[in-house]
Amino acid sequence: MTTCVFIQIRCKPGSTYRVAEEIALKEIHSELHSTSGEYDLLMKLYIPNDADVGKYINDHLLDIPEIERSLTTLTFKAF
């Protein structure tokens, strides 16, 4: 079983495509979209149940230096 999270990513100016390419190369995402507004990218990610959500994101995503900020939204089974 896995935990689904959505992560909004703000990139340093001019680096959005580089960040998206680095994420794609890591092959950790389910979906990755470019967005308008306060954040540049929106990623859907499934985290293994035995993994700590924050540590997993720090270790697998936030090591990309051009990421300025991220906002993670956890999902829960509602129905």
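The model is predicted, so local features need pLDDT of at least 70 and side-chain atom pairs count only at pLDDT 80 or more, while totals for chains, interfaces and linings use all residues. Numbering starts from 1 along each chain as its sequence is written, and side-chain values use heavy atoms, with hydrogens and water left out.

A nonpolar core here is a set of buried Ala, Val, Leu, Ile, Met, Phe, Trp, Tyr and Cys residues joined through side-chain atoms within 4.5 Å; buried means under 20% relative accessible area, exposed over 50%, and partly exposed in between (1.4 Å probe, protein chains only). The largest such core has 17 residues, with Ile7, Ile9, Ile23, Leu45 and Leu61 making the most contacts inside it. At least two core residues each come from β1 (2-11), α1 (16-26), β3 (41-48) and α2 (53-60). Helices (H or I, at least four residues) and strands (E, at least two) are DSSP runs numbered from the N terminus. Setting aside neighbours within four places in sequence, the contacts of Ile7 (heavy atoms within 4.5 Å) include Leu41, Ile57, Leu61 and Thr72.

As for disulfides (cysteine sulfur pairs within 2.5 Å), the count is 0. The sulfur of Cys4 has its closest cysteine partner in Cys11, 20 Å off, which is too far for a bond. Both residues are tucked away: Cys4 is buried at 12% relative accessible area, and Cys11 is buried at 5%.

Thr2, in strand β1, is partly exposed at 42%. Beyond residues up to four places away in sequence, Thr2 touches Tyr46, Ile47, Pro48 and Asn49.
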